[in-house]
Amino acid sequence: MSKLIVSLSPHQFGSNSVKKLMFGVLIALLPTLFVSVWYFGLGAITIIVTSVLSAVFFEYVFNRFLLKKPSTISDGSAALTGLLLAFNLPSNLPVWLVIIGAFFAIVVAKISFGGIGNNIFNPALAGRVFLLISWPVQMTSWPEPSPLSKHLLGYTDVTTGATPLGILSEGLRSGESATKLISQVPDYLQLFMGNAGGSIGEVGAAAILIGLVYMLMKKIISWHIPVSILGTVAVFTGILWFANPDKFADPLFHLLSGGIMLGAVFMATDYVTSPMSKRGMLIYGVGIGLLTVVIRVWGAFPEGVSFAILIMNAFVPLINMYIKPKRFGKNKR
Amino acid sequence: MLKTFPKGGIHPPENKITADKETVTLPIPKQVIIPVSQHIGAPAKVIVKKNDKVKTGQMIAQSNGFVSACIHSSVSGTVFKVDNIPDAGGYKRLAVVINVEGDEWLDNIDRSEDIIKEINSDKNEILKKIQDAGVVGLGGATFPTHVKLLPPKSMKPEVLIINGAECEPYLTADHRLMLEKSEELLIGIKILMKALSVNKAVIGIENNKSDAINKLETLSENYDNISVAALKTKYPQGGEKQLIKAVTGKEVPSGELPVKVGAVVQNVGTVFAVYEAVQKNKPLIDRIVTVTGKYLSNPGNFKVRIGTSVKELINTAGGLPENTGKIISGGPMMGRALITDNTGITKGTSGILILSEQESKRRSLKPCIRCAKCVEVCPMGLEPFFLMALSRKTLFEKTENEGIFDCIECGSCSYICPSDRPLLDFIRLSKKEVALIRKAKRIK
C-alpha cells in the first residue's frame with residue numbers, strides 16, 4: 001500500500017473557485033455588453049477592448065515583474081475590472097484616457113493595496129472617478145445612442161448630447177419644472193432598453209436586470225445589496241416626488257436613468273469592497289441609496305452613484321466590525 | 001413543509017451509493033484490537049490480563065468515572081496482550097488484543113431475533129443496563145449515553161429527538177438500520193422515553209430517505225407519542241443544535257446543553273444499542289459500518305464486531321483500490337483520515353470511506369476575496385474568514401469573543417470557500433489555543 005494522505009476534515013470540497021465566480025459575473029455582463037455595442041457601436045468596442053486589455057496588461061506586468069509574484073490574470077478579476085471600468089466611460093473617450101483609467105484602477109486602487117482581496121475601494125469606480133475629476137470635459141461628453149447600423153464606424157465624430165440626469169439637473173437649476181423636463185428625455189421604455197445618452201454600460205436597465213437574475217440564480221451574489229440600494233432610491237425619491245412633483249423627478253425616472261442600475265447590480269456588489277454580513281450589506285445598500293439621491297438632487301454633479309459607492313466602500317471595515325451576523329443561540333439581551 | 005434549520009448549510013453531493021445495500025454480517029475476525037477509550041471521557045479501566053479467557057459480551061474494561069463507559073469483549077477467546085497500540089490517528093493508546101477462539105457468548109445474552117415489545121425494566125434499571133452495556137452515542141461523538149440520560153436536576157427534558165438525519169454524504173448505516181430494524185428502534189425509543197420521563201419523541205429524517213420516513217411513519221402509528229419529522233436534505237441537518245432547531249424551533253443557547261431547551265437527542269444507532277442492552281442484555285459489541293467509496297468494487301453496509309481490523313473490512317468490500325489516497329473513518333465532512341488500515345473498528349466508526357488520490361488532494365490556497373460565502377453557510381452564525389484571520393495572526397484570545405467555541409466543526413466554510421482556504425483548520429488551532437489559555441488562567 002502506498003502512503004495514505006492524512007489531513008483534517010472536511011475531506012471534500014465544493015467546486016467553487018474565484019475564477020468561476022469572476023467568469024460568472026462576466027457572463028452576467030454579456031447582455032449589457034450587447035446593449036452597449038448596439039447603441040454605441042465602434043466607440044463602445046474600442047473602449048471595452050482597450051480597457052480590458054490594459055487592465056490585464058497592468059495586472060500582469062506589475063505582479064510579475066515589479067512584485068515578482070505569480071501572475072493572477074487567469075482568475076479573471078483584472079479582466080472584470082477592465083470591463084466594468086469601460087462600462088462606466090462615455091463611448092467617445094480618447095484611448096489614452098482609457099489606459100490611464102485602467103492604470104489607476106489596477107495599479108493604484110488594487111495592487112498598491114495588496115492585490116486581489118485587499119483593496120478598500122472598488123477599482124473600476126476608483127478609475128472612473130479619477131478620470132472624472134481629472135478630465136471632466138472628456139468624461140461628460142455623451143455621444144447620442146443610435147442603433148448599430150447607423151454609426152458602426154462613428155467614434156469621436158458623433159453628435160453628443162446630455163444624459164437624462166444632466167438634462168434634469170441643468171433644467172431644474174434654471175427653474176424649469178421636473179415634469180416638463182422629463183418629457184424632454186427619452187420615454188421610460190427607451191430608458192429601460194438603453195436608448196439614452198450615458199456611459200456605455202449604464203444605459204440598458206433591462207440588460208443589467210437580466211444579469212442580476214443570472215447572478216442570483218447562480219448564487220454569485222445575494223439580493224441584499226442591489227435590492228436595498230434600488231429600494232432606498234425608490235423610497236427616498238418617491239417621498240421627494242410626492243412632496244413636490246414640480247421640483248423632483250419621480251422614482252422610476254431615477255431608477256432608469258444614470259448609473260444606478262449598473263452601480264447597484266455590478267459595482268456595489270463587488271465582493272472585496274462590500275460587507276460580509278447580510279445585515280451589513282443592507283446598511284451598506286441603504287447608505288449608497290441615500291447618498292446617491294442626495295448627490296443627484298442637491299449635489300453639484302448630476303450623477304452620484306460612483307461617489308456614493310466609494311464613500312460607502314470606506315465604511316465597509318467599520319460595518320464589518322460592528323454589524324455581525326446573528327449568532328445561533330445568542331439572543332439580544 | 002419540510003423542516004430545517006434556518007441559517008447556513010450546504011448541499012454537498014450525496015453519493016449515498018450503498019443506500020440500497022442490505023446489511024451483511026461480517027464473519028468473526030481472527031483477532032480483535034479493542035481500545036479502552038472509545039468514548040468521550042475517562043478511559044475505561046482494564047479488568048482482564050494476558051492469557052485470560054473471555055467470552056463474547058464479557059466486560060473487559062470498567063467504566064472509570066461518571067463520564068466514561070464500559071468496554072466488552074466482542075469475541076470469545078484468549079487475551080493476547082494488554083498494551084499501548086497506535087490508534088487510527090497514530091497515537092499510542094491502551095488496548096486489549098484478543099485472539100478469537102470459537103464464538104461463545106455469555107449465557108444471559110438473548111441472541112434470538114425475536115422482538116421483545118414489553119418493557120419490564122423501570123427507569124433505574126434501564127439506566128443501569130445502558131451503563132453496563134457500554135452504550136455511547138453512535139453518531140460519531142461517542143458521548144456515554146447514560147450520562148446524557150441524566151440531565152442536570154435544574155433542567156427538565158420535554159422531548160426526545162431521534163437523529164436519523166444522516167446528513168454526511170456517503171454514509172448509509174443509519175438509513176439501513178431504520179429500514180431493517182424499524183420495530184426495534186421504536187421499542188428503543190419507548191425505553192428512552194421511559195428513562196427520561198418524557199412523553200414525546202420525534203424521529204428526524206432527511207427527505208432523501210423517503211423509504212425510511214414512510215416505514216417509520218406507518219409503524220409509529222402503533223406507538224403513542226412517537227412521530228416522524230421529514231427534514232430538508234441539507235448539511236449539517238444532523239448537527240445536534242441544528243436538528244433541535246429544525247424539530248422544535250428552539251435554539252440551544254450558546255454554551256448550554258440541549259436539555260436547556262428541553263431536548264435530548266439520540267442517534268438511531270444508539271437507540272438500537274439501547275434496545276439490545278435493555279431487552280436482550282446485549283452489550284455494545286457490534287455496529288453497522290458503511291464501507292464506501294467511488295472506486296471500491298463492493299461497497300456496502302456491514303454489521304461488524306468492535307475491534308475488527310479496518311483492513312479486513314475493506315477486503316470484504318472488494319479490497320483497497322490501486323488509486324487510494326485517503327481512508328476516512330466517518331464521512332467526508334467530519335470524518336478522520338486514518339494513518340493506517342491496520343487499526344480496529346470502534347464504537348464510533350459509522351463508516352469507512354475510501355477516497356482516491358485525486359479526491360484526497362487539497363487545492364492550493366488563494367487570497368480571500370471576501371465573498372462572504374463562509375459567513376453565509378455557517379450554521380452557527382459565525383464569521384469563519386475573520387476567525388481564520390485572527391488565528392493566523394495568533395490573536396487567539398480575540399476569537400473567543402467571536403464565538404469560536406460555538407463552532408461545531410461541520411466544515412461548511414472550508415467546503416464552500418472559492419479560494420480553497422483552510423478555514424476550519426485555523427479555527428481548530430485557535431480553539432485549542434484558547435482552551436490552553438483558559439486552563440492557564442484557571443491555574444493562576
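Modeller: Welcome! Before we name any domains, note that their bounds come from an automatic or database domain assignment. This is a predicted model, in which local features need pLDDT of at least 70, side-chain atom pairs count only at pLDDT 80 or more, and totals for chains, interfaces and linings use all residues. Residues are numbered from 1 along each chain as its sequence is written, while chains are lettered from A and ligands numbered from 1 in the order in which they are written.

Biologist: Thanks! How many residues does domain 1 of chain B give to the contact with domain 2 of chain B?

Modeller: Chain B is divided into domain 1, residues 123-280, and domain 2, residues 373-443. Their centres, taken over C-alpha atoms, are separated by 29 Å. Two residues are in contact if their C-beta atoms, placed from the backbone, lie within 7 Å. By that rule domain 2 of chain B gives 7 residues, and the number from domain 1 of chain B is 7.

Biologist: What is the radius of gyration of chain B?

Modeller: The C-alpha atoms of chain B fill a box of roughly 65 × 55 × 50 Å along the principal axes. The radius of gyration is taken over C-alpha atoms, and the globule rule is 2.2 Å times the number of residues to the power 0.38. A compact globule of 444 residues would come near 22 Å, and chain B agrees with that at 21 Å.

Biologist: What percentage of the residues in chain B are buried?

Modeller: A residue is buried if 20 or more other C-beta atoms, placed from the backbone, lie within 10 Å of its own, exposed if there are 12 or fewer, and partly exposed in between. Applied to the 444 residues in chain B, that gives a buried share of 56%.

Biologist: Which residue in the hairpin turn between E7(B) and E8(B) has a positive phi?

Modeller: E7(B), residues 77-86, and E8(B), residues 92-100, run antiparallel, joined by 9 bridges. Asn84(B) stands opposite Leu94(B) in this pairing. There are 5 residues between the two strands, and the one in the turn with phi of about 95 degrees is Gly90(B).

Biologist: Is Ser430(B) buried or exposed?

Modeller: Ser430(B) lies in helix H14(B), residues 423-443. Leaving out residues up to four places away in sequence, its contacts include Leu387(B), Phe396(B) and Ile404(B). Phe396(B) is 34 residues apart from it along the chain, yet their C-alpha atoms are separated by 5.4 Å. Because Ser430(B) has 25 C-beta neighbours inside 10 Å, it counts as buried.

Biologist: Which element gives the largest share of the side of chain B that touches chain A?

Modeller: The contact brings together 50 residues of chain B and 31 residues of chain A. Elements of chain B giving two or more residues are E15, E16, H13 (412-416) and H14. The largest share is 4 residues, and it comes from E15(B).

Biologist: How many residues on that side of chain B are charged?

Modeller: Ala, Val, Leu, Ile, Met, Phe, Trp, Tyr, Cys and Pro count as nonpolar, Asp, Glu, Lys and Arg as charged, and the others, Gly among them, as polar. That side of chain B has 28 nonpolar residues and 9 polar ones, while the charged count is 13.

Biologist: What is omega for the peptide bond from Tyr235(B) to Pro236(B)?

Modeller: Most peptide bonds are trans. Pro236(B) sits in the loop between strand E11 (226-231) and helix H6 (240-248) of chain B. Its bond from Tyr235(B) is cis, with omega near -5 degrees.

Technical notes:
Pairing = 2+ DSSP bridges.
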